[in-house]
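Have the viewer open as you read.

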Amino acid sequence: MAAELNEMVRKQLLENINQGNIEEVRRILDLGQIKVDSLDEDGMTPLMQAAYKGKHEICQLLIDKGANVNCSKHEHKYTPLMFACLSGSLEATKVLLEAGADKTAQNNINRTASQLGAFTGRHECVSLINNFISMADLESYTKVPDNETSPKLDPKLLEPLQKYILNNNLSPVRLVLYLKENMVLVEEYKSVVKILHLKCESSLKDPDKSSEVMSMKLHYLGCVLQHSGRWHLGIQGQNGIDGFLKYLIKGRPSDGFPLGTEDFIRQAIREYSFPETTILRQLVTSIAPVNKGDQPTALTCLTQVINGIQSIQHTNICGTCSQPNAEKRCSACKTVTYCNTICQKLHWFTHKKHCKLATSKDNENKNS
């Protein structure tokens, strides 16, 4: 009788997880009639089920209730993180990583969560796993060290800094747009850049194979933030952070190619302080022979190395910030796509020189 009741409750719990009924899931767990890590016939826990369905809020609830984030009793030794990655849910993947999910765990055919994700095309989740830094890791910098009077990092910077680090889009325009919305990072850029440099160096001491990738990404993010801060203060250019955006976006007169972005990324890579690393040699080898404006661009090479080759295979890339799956299109020339009206307006000052509508209007004015 007890076994039948347990099975009935388990099925009820699973049904509500699948439907995303978080309050009902909470109620069932609070009754105490089923263990939070109860297994079904395949060895799946409720957390695995929630992760596979991409129900990140329920994942968090189950973790708060004591679910084992690294349980591998599944018949094929899949972990909750593997299921989250396979679901394609960035939110569920992040919840599990924050809770201490082991990204090096392997299933019964020796595949990690990121390897499974790469095989099934969940490349954004793969990038998140490979480039993840937890809030707890950053929090260590908010503690006051011995013999000092203040922490290296103001606690108010924790959340915006972590989101900045986890950004998958490496376009400097996209990153500067994020910083523009989080000016607290720009205003405190000197202390934040120091943290990024410390993490950049410490990442190389990590035995994990992706440590060089993390190190390069942190260095690059530090360069974007430092330039944003210097433009903001008027040290490096005029018109603040908007002036920096215009420098990055401005197109070459002949074809509209953004030389500012290309030059910035190339310079950032040259300033990387660890010449002995494989990742620097790989980037230099990929970029150095390419003429500016030809393919692959510096952004393409950097994205390919840090996020993986498949992560850049998108359609409808925003002409301003390189965000994939951009749905807006220039109504005149139909050749440039944008992710939103902000990017479209930002790009117009340089795009209008090449837009078919602007060209036709110029011709009409000349003929009149």
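In this predicted model, the largest nonpolar core holds 65 residues, and Tyr 164 and Leu 225 have the most contacts inside it. Helix α14, which runs over residues 211–232, gives the most to this core, with ten residues. To see how Leu 225 is placed, look at what it touches beyond four places away in sequence: Tyr 164, Leu 179, Leu 185, Val 186, Tyr 189, Val 192, Val 193 and Leu 196. There is also a second, separate core of 41 residues, and its members include Val 9, Met 44, Leu 61 and Cys 125.

Cys 125 leads us to helix α8, where it is one of the buried residues. This helix covers residues 123–130 and is mostly covered, with six of its eight residues buried. Which helices do the buried residues of α8 pack against? The table lists these partners.

| Partner of α8 | Residues |
|---|---|
| α5 | 80–87 |
| α6 | 90–98 |
| α7 | 113–119 |
| α10 | 158–166 |
| α18 | 298–307 |

Now zoom out to the whole protein chain. It contains 20 helices and two strands, and its C-alpha trace spans about 90 × 60 × 35 Å along the principal axes. Of its 368 residues, 46% count as buried. The chain exposes about 18800 Å², with carbon and sulfur atoms supplying 48% of that area. As for charge, there are 43 positive and 40 negative side chains, and the centres of these two sets lie 8 Å apart.

Definitions and conventions:
Residues numbered from 1 in each chain as written. Predicted model: local features only at pLDDT ≥ 70, side-chain atom pairs only at ≥ 80, totals over all residues. Heavy atoms only, no water. Helix = DSSP H or I, 4+ residues; strand = E, 2+ residues; numbered from the N terminus. Buried < 20%, exposed > 50% of the residue type's maximum accessible area, 1.4 Å probe, protein only. Areas by Shrake-Rupley, 256 points an atom, 1.4 Å probe, with all protein chains shown as cover. Lys, Arg positive; Asp, Glu negative; His and termini not counted. Charge placed at Lys NZ, Arg CZ, Asp CG, Glu CD. Contact = heavy atoms within 4.5 Å. Core = buried A, V, L, I, M, F, W, Y, C linked by side-chain atoms within 4.5 Å.
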